Amino acid sequence: MSVNPNEFKTWSLEYNDYDPSKEKSRESLLTVGNGYLGTRGALEEVTANDTNYPGTYIAGLYNRLVSKVADRDIENEDFVNIPNWAYINFRIDDGDWVDFNDIEIISINRSLNFSSGLLEKQMIVRDKNGRETQISSKRLASMANQHLVGIQYKLKPLNYSGKLEVKSALDGNIINDGVARYRELNQQHLEPLEEGSENEISWLNVKTVQSGIEIAQAAKLSFFVNGKRSRADIHSKISTGEVHSLFAVNLTDRDELTVGKIVAIHTSKHDDVKEPLYESKKLVASAGTFDSILKESRNSWEKIWDKIDVQIEGDPKSQMLVRLHLYHLMVSASPNNKNIDAGIAARGLHGEAYRGHIFWDELYIMPLYNLFLPKVAKSILNYRYRRLDKARKYAKEHGYRGAMFPWQSGSDGREETQIVHLNPVSGKWGDDYSSLQRHISIAVAYNVWYYFQVTDDLEFMENSGAEMFFEICRFWASKSVFEESKACYTISKVMGPDEFHEEHKASEGGGVKNNAYTNIMVSWLFVKAFEIMGKLPKPSLNKITSEIRLHPDEIKKWKKISENLNIPVSKDGIIEQFEGYFDLKELDWDAYREKYKNIYRLDRILKAEGKSPDDYKLAKQADTLMTFYNIDEEDVTNIIMNTGINIPSDYLEKNYNYYLDRTSHGSTLSRVVHAYLANLFGDKNQAGELFFKALESDFTDIQGGTTAEGIHAGVMGGTVLMTITSFAGINFKKDELSIKPQLPENWESLKFNFKFKNHRYYINLTHSQLKIEVKSKKSDPITIDFSNKKIILTPNKKEILNY
């Protein structure tokens with residue numbers, strides 16, 4: 001991939017134009033945040049309209065509303081867009097307030113600095129009277145104090161003298177309006193409680209209408225002309241749910257006005273504070289200047305980057321995008337999240353798509369946190385543990401034992417997925433089988449195992465991890481049914497990662513039967529359950545099994561199921577995606593690409609034609625192949641062969657080619673998996689092509705507008721992880737690290753560090769050499785597998801290995 005080295009700055013994202021058609025997507029990518037909150041990068045001067053959408057979201061803050069849809073009451077829980085704290089605008093000589101969608105923009109530059117989390121804007125605009133004004137702003141969400149955000153805003157007349165009036169607002173009269181398809185639903189989540197101002201400080205307190213969570217904001221304003229503080233009065237206009245602070249000053253073309261706006265934000269969420277308005281007022285009153293807050297925040301960011309940075313030489317575009325992804329992951333979940341009760345929303349703290357819910361996407365993200373920020377990873381896993389009783393209840397409601405986690409999780413762990421949907425054409429209600437994606441429970445268990453595998457955190461397993469893992473195993477055991485006619489166990493009423501296949505006649509009640517990904521991963525879970533039992537101290541194991549009443553006979557059955565789950569494989573070694581898949585019709589892919597060009601959402605295309613995706617061999621994203629992404633090929637091979645099936649040695653590549661030809665890549669996650677597998681069996685060209693496509697998917701808004709509704713956290717995590725697991729070739733799934741580098745040709749070097757089993761590894765790779773240092777408090781030698789050779793490393797000593 002040839003890129004002009006000067007085209008991309010590797011520590012920032014920059015835009016030098018204002019394109020209304022792309023603005024909302026750019027707002028997502030220019031979001032500032034700190035794990036507690038995220039504020040979209042909308043221009044300070046705008047309110048919600050067709051082009052712009054300001055929004056701020058707080059981790060774990062939801063509200064539930066009922067909407068009338070056709071003849072039914074439909075309940076949805078939403079990620080709440082809290083009051084807009086960032087609004088600042090101006091006007092000249094009592095004219096109209098500036099509207100960037102109705103003014104000439106002479107120049108504009110916006111830059112998001114990943115290293116400091118600082119968003120900067122430089123603009124020159126010309127109004128209808130020919131008056132030109134230079135506008136500059138800086139914005140941050142403090143990484144040092146999660147409750148502080150701020151803006152430094154500057155105005156300079158360039159060719160006129162006159163009165164400039166500035167208006168700053170705390171605006172609580174907003175709704176959730178960031179996703180067009182939700183607009184027919186009730187989106188009024190906030191009700192005002194109190195608003196007011198005193199001198200330079202203003203405040204606003206609102207409450208969510210159902211969940212009853214108070215959200216308080218207190219703002220402190222300062223005004224400087226040519227660097228000297230202005231003592232002119234600030235006038236306030238207060239109305240229900242809004243506070244506007246206004247300041248006017250006469251300026252010439254030699255003057256510059258600087259506005260400082262520091263805002264403190266608290267909520268009454270159970271993991272936040274009891275008196276949010278009091279805490280916000282107190283914090284903002286004692287807060288320093290914008291520059292001092294920026295300095296503290298920059299220091300906190302610097303400490304984070306010391307742990308998470310992945311340095312690529314030779315490919316500035318990939319370097320910039322990898323850092324963009326790491327930055328937005330930290331916006332979504334940072335070291336601040338150690339004390340926050342929230343998972344990682346599929347679309348980050350960047351927008352309202354998927355209603356801010358937590359899905360299986362964490363499976364692509366959590367491995368990075370295990371390596372870089374294990375305490376944050378543990379907090380995210382404990383979000384699931386705190387909702388274990390809800391998962392038990394959910395399983396019981398459907399006739400199962402153990403814990404069945406919901407496909408969509410929000411505030412309290414109940415299933416947030418709709419079970420019916422309205423056909424807009426026929427006007428009739430039909431079943432929605434999305435919640436049958438029970439593999440979410442596999443993802444939760446997998447994340448527990450992977451965390452333990454990387455960290456050796458036995459205390460976590462004793463206190464919460466093992467209990468979660470065993471209860472998920474118990475669920476799958478209760479869902480596995482022995483079929484006498486086939487002399488094996490089967491699992492029905494599930495949907496695989498594919499998502500396009502919602503029902504098949506072999507599975508009564510919706511979903512499909514014997515989804516290969518599900519069955520292989522369930523078998524793997526049972527194998528790992530025994531390994532976990534072997535690693536737990538006997539008293540701890542006895543305590544856990546006693547508390548959840550897990551009896552030896554149950555555990556024995558797990559082994560029997562794991563060795564006898566139905567995994568159909570063709571004589572050519574193709575694993576059948578689900579029972580009956582091979583009997584489906586083939587699709588003329590070339591014809592559909594010719595006709596529709598973009599066929600990512602092939603399911604919608606087929607339904608519009610009066611056809612059903614259930615009838616065809618197709619997939620939205622990797623399904624069967626996802627198995628090889630999660631676990632090593634040898635583990636998949638052992639599971640299949642333990643059922644008595646023989647498979648050819650090249651079956652991975654055969655399955656890859658078979659299913660890649662039948663996949664539309666309707667999810668941004670799809671290319672991550674396919675790239676990883678292509679690299680695994682040596683197709684470096686296809687691996688690189690798929691990887692780079694995935695890497696730029698949000699940057700280019702590959703799905704044609706979905707980035708406007710929030711970033712795709714899964715693909716961001718998955719692409720960064722792939723630089724480590726594929727291109728550096730590091731396998732963390734065994735007790736000894738395995739390193740088999742496969743750098744892309746245009747990457748000169750790859751450098752990063754991580755923590756594995758309480759040792760910190762520093763890696764510096766080129767195409768011929770590995771520089772490695774293991775920092776450890778222990779002096780015991782460490783064994784790794786490097787390019788199929790056993791290497792003994794001495795802790796705290798730099799080593800150079802050639803290959």
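Tutor: Contact means heavy atoms within 4.5 Å of each other. Helices (H or I, at least four residues) and strands (E, at least two) are DSSP runs, numbered from the N terminus. This is a predicted model, in which local features need pLDDT of at least 70 and side-chain atom pairs pLDDT 80 or more, while totals for chains, interfaces and linings use all residues. Residues are numbered from 1 along each chain as its sequence is written, and side-chain values use heavy atoms, without hydrogens and water.

Student: Which residues in helix 20 does helix 4 meet?

Tutor: Helix 20 spans residues 713-727, and its axis comes within 9 Å of that of helix 4. On the helix 4 side, V322, H325, L326, H328 and L329 take part. On the helix 20 side, the residues are A713, V715, M716, G717, T719, V720 and T723.

Student: Is T663 buried or exposed?

Tutor: T663 lies in the loop between helix 17 (651-660) and helix 18 (669-680). Buried means under 20% relative accessible area, exposed over 50%, and partly exposed in between (1.4 Å probe, protein chains only). At 4% relative accessibility, T663 is therefore buried.

Student: Which residue's backbone oxygen does the side chain of T663 reach?

Tutor: Beyond four places in sequence, T663 is in contact with residues including W589, R593 and H674. The backbone oxygen in question lies at 2.6 Å from the side chain of T663, and belongs to Y659.

Student: Which backbone nitrogens lie 2.8 Å and 2.9 Å from a polar atom of the side chain of N63?

Tutor: N63 is in strand 5 (residues 62-69), and at 0% relative accessibility N63 counts as buried. Among the residues N63 touches beyond four places in sequence are N76, H189 and T208. The nitrogen at 2.8 Å belongs to Q210, and the one at 2.9 Å belongs to S211.

Notes:
Axes fitted to C-alpha atoms, helices over the stretch in contact; angles between N-to-C directions. Polar contact = N/O pair within 3.5 Å; in protein donor to acceptor, adjacent residues only side chain to side chain.
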